[in-house]
Amino acid sequence: MQSGAVVRTVNLVKIYQTGGLPVPAVRGVDLEVADGEFVAIMGPSGSGKSTLIHMIGGLDTRTSGEIWLDGQRADTLSESGWAVLRREKVGFVFQFFNLVATMTVADNVELPALLGGASARQARERREYLLGELGLTERAEAAPAQLSGGEQQRVALARALANQPRLLLADEPTGNLDSRNGRDVLRLLRDIHEKGQTIIVVTHDAKVAGMADRVVMLLDGQIVDDGRSVRRTSSKRPGGAGDVIELRG
Amino acid sequence: MITMRGRQGSGNPARSRGAGVGAGRWVRADLRARRGEAFLTVLAVAGIVAALIVGATLLEDGTNPWRGLSARGHSAHVWIHTKDTPDVAALKALDGVSELAGPYRTAPATLADHGRKVPMALQEMSAALPAVGRPLLVDGRWLDPGHPEGVVVERTFANALNLRPGSPFTAVGLNGATHTLFVSGLAESGDQGFYPEWTPGLVWTLPETLMTVEPAPGRTESVTGLRLRDPDDTDLVVQRAVTTLGGQVQRVATWREVRASMALDNRLLGLLLALFGGVGLVAAALALANATGGRVLMQRRDLATLKSIGFTSRQITRMLMAEHVSLGVVGIVVGLIAGRTVAMVSGVPLSMGALLWIAAGTLLVVVVAVWLPAWRGGRTPPIPAATVGPPRGHLSRIARLALLVRLPPALVLGARDAFTRRVPALVTTVGLAVPMMMITIGLGCWATLDDFAKNPAKVGQAAALTVRAGDLTSDEARRRAEADPDVVVAYPGAELDALVPWQTRTVRTRALGTSADPYPFPVVEGRMFHERGEAVAGQGLLDLLNVRIGDRVRMTIGGTPLIVRIVGRVVEPEQDGEVLSFGTDSLAAKDSVPPQFYALVLRNGADPGQVRARLQGQALEVTQAVNPADRLSVIRVIIVALVVVLALIGLGNLLTASALSLRDHVRDLAVLKAMGLTPRQVAATLVTATGLLVAAGVLCGAAAGAVLSTGLIDLEGRGSGVGAGIGRAPTLAMLTVAVLVAIGSGLLVALIPARGAARAQVGVTRAV
Amino acid sequence: MRLHLLALLAKEPAHGYELKQALELTFGSAYPSPNIGQIYVTLGRLEKDGLIRAVDVEQSNRPNKKVYYLTAAGREALDAWVDEPTEGPRVRDEFFMKLILAPLTGIADRMTLINRQRRHYLGLMRDLTDLTEATDPANRPAMLLIEGAMLHLQADLDWLERCQEDLTP
């Protein structure tokens, strides 16, 4: 196994062919994410950040370039090969939750485990554990439509973590949530990051980006900045909001 | 944290099992969520299967009671008429023969009925009903040794003569002696064809009664019935029997002829029903594919989600197939049960083989119909967010021009809609065109039947009545018949069975008129015969003897050879078209003089019933020809039923297409409203889009149907032996009405959801 | 602080120490810890301006404490303050100055400038998030204050993004 690089892309390019004009969405991205890192990808709309994360997860095909997932060459895989890889190594969280509306929360969370080969009992145990960690045990038999946005995203998170993926990918996870629910999801992301999960998040929400170890700025399909965010204080200073924020007037 | 690393080594079987469980849960959840739709699909499939079963049973039973009769009565498959009692042991020993019936003595006699003489055949039978070839009593009582004057008459014979249990029965033997008997009961049998297609009529008597009526053994015949293990061996067994018995054989009748006589035109009917059945299945397949496709389209988001979790295309295709095919299977089972129950009411249930065929055929149709949408579902791209909406159309130059010319915007926008989304538009159009085409062909059949009814001459029934001499001399009979004011011409005629040397059966020959003054046969190919030795034949005969127009055929009629050249082909609805027609002068004198009957052509507008009554009053035996259209009248019922089913299928297709296009239009709707179109205008736009497609589909279908109808029906006719040349396209009036009704109902169906959607409050900014 | 004290006195008359307590109680940790000395100085100034008046109250065993009351002029000033819309956020931004001026003077590259600023803002955001976690959710004013700061920061970051899009070829 390679020295801990969970994701490595080499000169990744994606060009869309719509109608007559080719539209380049990603133009030569070299990205490397180490084990346990929390990376936020930011950029204006149209910068290609969603395309990038879809390609890393195998939901979209690349035009050229290499993608290495956990030391394994992935961009040459067929669609079914990617499907198998995704089952084992990648968890995905979307902006609009994308839970199967006709199945219960429990079934939704167990689905990846079953797909990965777990028995019904093992899948159930895993689901109970995850829902417990995320505080959703009593909602297990509910339909997704009965849950609030924040709860649905937490269920989506549980589903993404069902197979203990090496990589968690999230596309605007707080984009459809109000500030309170967004905060809850953010807190969860921080918790699982502290437990060692590698996370790549596409976001324009500064609160999420602020939580990341590393922020990658994408502009017009290319990386313009890739670095660690600077913490003003490394130690937690006791104080109230009034000390940190200047009130004018 | 529970480590699950251990299970990674579980390998493929565990994975596919797990995937199966997961897929199963999704399918169950999906079916639960759309119980109504699933129920409708099951109902549709059940309906089709039940309709097929009922149709097949109708075909088999209503038009061919032979199967039921022969099953119940354990009929013999071959009846051999010999002069003397044949070698029973030798016959029994024949390869393929399982049981024997008889031998029974039979004697011809005459029934004196209200002054006319009706020929009949008396057959002896014991008071104990036999195991093979058993007549089935329908009324009254069977033969009773205590009442030797009691006879049992075959049902159709009795109906023709208005005989009932207790009626007097005066038999006149060949020696002229009169015997007063009475009718003790009526029975039907699978061994005897229906009167008057099968003459003479059959009457069962006790052996001593037979001896009384016909004491001279020289004038009696012996008839033996053979029941075979496999009815398909009939030809071989007959050959063997004839060889074994040598010159003793007078006549051979097989179950096929009996069946044919019981159900004239059953081949034509059968082919028509098969055609409708096949097309019904195709239209149903289209409807199922449409509905499944529509459903899968609605589910694209979920399918993309499943793919993002890690389902492969194949797994998704298999899952969708399992979901929809299982609905089909449930429908088939329900349909089998329902169909059988309904069919039970009307007659003998279908054989297991036929049921299995129907079930297998429908299953195949379901699988084929579901496969393509399922495969396309499997190909959904795995990005759930990508399935935002269909490609938008743009305003083409034509549209802009039209708007400039101030055509109503609803019309322009609606037309633009119909033509910028090509594939869905095509699917909708085809989904309507196919049922419409079949409906038009159905109307063509109706028109053909109408043609039969209005122009009986076109199907060889120029003569509405047939007169037999009875007691009178044939000349006297002819004089009396021609004396009637409504009778135009009386053609002398004879119908005889001819044996073709290398065939193991007999064929009907019909001599009518003279070669110089022939009966107006409906010649469709070649020409009419002009001279002795020329004949015209039905398609069935040409197929049977493997000859063409211009060939010579050789037959034997009662021992005398007959050689004729076939110069033309006629439309021949009798005997499945296996009839040879020529002038009476082509026959040997012994067969043609005196003529067996006279065919009477009546004046235009004369009522055959009245004329018949008048002639009967003159001691003439008169029978009325049955128009094939009447015999085929059950087809009209089936046409109506199929038109209804096809119309429902077409409207179902339309509803699915409307729902899908409405979903696509949700955003457009909001924009239109914002543009300032009133709800009525918005509804008009939506309806125009669908309406144009409906019109296109209906017109295409009707045109295709009209063109194909004649050809198809002729094909049917050719296949059934009746012969090509009967096909008719529906009349222009019929077509116009059908097209207008179809377009109207289509628009109505499209209007309902359109009005609802136009009135609903649709937010422009709603996230789809 | 002047108007804040006027507002508190509009509710009920109070002396200096009570005002300090009231500030702490009302705002909690959202208000920088008020210095009692500063309060007395402000009260003195307000009295001189005629917006409040003091009344001596006798206390046994203690020097007299002054209780302050709102005057009519004080009331008017308070009303004026409430009615008048408060000035919005900064119109001039120091970072913006740096961004426009930098390439002209060759001091620094614009892209680097923007990236550095963004990292700083993100760090601030991280701090604010930590602060939210540390604050008692029942303390509504503090929570609102933090959220306000976060929204401003988000807007700043979005603006940075726009600058980056715009200023790069």
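Predicted model: local features only at pLDDT ≥ 70, side-chain atom pairs only at ≥ 80, totals over all residues.
In what order do the strands of the open sheet of four strands in chain A lie, and is their pairing parallel or antiparallel? The order is 2-1-4-5, and the pairing is antiparallel.

Strand 1 (residues 5–18) of chain A runs antiparallel to strand 2 of chain A, and eleven bridges join the two. One residue pair can be named here: Gln17(A) has Pro22(A), in strand 2 of chain A, as its bridge partner. Packed on the sheet is helix 1 (residues 49–56) of chain A, which touches strand 1, strand 2 and strand 4 (64–69) of chain A. The direction of helix 1 of chain A makes about 120° with that of strand 1 of chain A. In general, the strands of a sheet pair through backbone hydrogen bonds, in either a parallel or an antiparallel manner.

## The three chains

| Chain | Helices and strands | Residues | Buried |
|---|---|---|---|
| Chain A | eight helices, ten strands | 249 residues | 53% |
| Chain C | seven helices, three strands | 169 residues | 23% |

The contacts considered next are those between residues at least 6 apart in sequence. In chain A, 69% of such contacts join residues at least 24 apart. The corresponding share is 82% in chain B and 50% in chain C. Along its sequence, chain C follows the pattern α-β-α-α-β-β-α-α-α-α.

## Where chain A meets chain B

Contact between these two chains involves 30 residues of chain A and 30 residues of chain B. On the side of chain A that touches chain B, the elements giving two or more residues are helix 2 (79–89), helix 3 (105–115) and helix 4 (120–133) of chain A. Helix 2 of chain A gives the most, with six residues. By class, this side of chain A comprises 15 nonpolar, eight polar and seven charged residues.

## Nonpolar cores

The largest nonpolar core has 225 residues. Those with the most contacts inside it are Ile41(A), Ile200(A), Val49(B), Ala284(B), Val467(B) and Leu600(B). Helix 15 (residues 422–454) of chain B supplies the largest share of this core, 14 residues. Which residues surround Ile200(A), once its neighbours within four places in sequence are left aside? Ile200(A) is in contact with Val7(A), Val33(A), Val39(A), Ile41(A), Ile53(A), Ile56(A), Leu167(A) and Leu169(A). A second, separate core of 51 residues includes Val183(B), Trp204(B), Leu226(B) and Ala253(B).

## An enclosed helix in chain B

Helix 8 (residues 255–262) of chain B has six of its eight residues buried, so it is largely enclosed by the rest of the structure. The buried residues are Trp255(B), Glu257(B), Val258(B), Ala260(B), Ser261(B) and Met262(B). Among the elements that cover them are helix 3 (66–73), helix 7 (234–245) and strand 10 (249–254) of chain B.

## A helix pair in chain C

Helix 1 (residues 2–11) and helix 3 (residues 36–49) of chain C pack at an angle of about 80°, and their axes are 10 Å apart. The two helices of chain C are therefore roughly perpendicular to each other. Helix 1 of chain C contributes Arg2(C), Leu5(C) and Leu6(C) to the contact, while helix 3 of chain C contributes Thr42(C), Leu43(C) and Leu46(C). By class, the contact has four nonpolar, one polar and one charged residues.

## A loop residue of chain A

Ala101(A) lies in the loop between strand 6 (90–93) and helix 3 of chain A. Is Ala101(A) partly exposed or buried? Ala101(A) counts as partly exposed, because it has 16 C-beta neighbours inside 10 Å. Apart from its neighbours within four places in sequence, Ala101(A) is in contact with Pro144(A) and Ala145(A). Ala101(A) and Pro144(A) are 43 residues apart in sequence, and their C-alpha atoms are 5.8 Å apart in space.

Key: Residues numbered from 1 in each chain as written. Chains lettered and ligands numbered in written order. Buried ≥ 20, exposed ≤ 12 C-beta atoms within 10 Å, placed from the backbone. Contact = placed C-beta atoms within 7 Å. Pairing = 2+ DSSP bridges. Axes fitted to C-alpha atoms, helices over the stretch in contact; angles between N-to-C directions. Nonpolar A, V, L, I, M, F, W, Y, C, P; charged D, E, K, R; others polar. Core = buried A, V, L, I, M, F, W, Y, C linked by C-beta atoms within 7 Å. Parallel < 35°, antiparallel > 145°, perpendicular 65-115°, else oblique.
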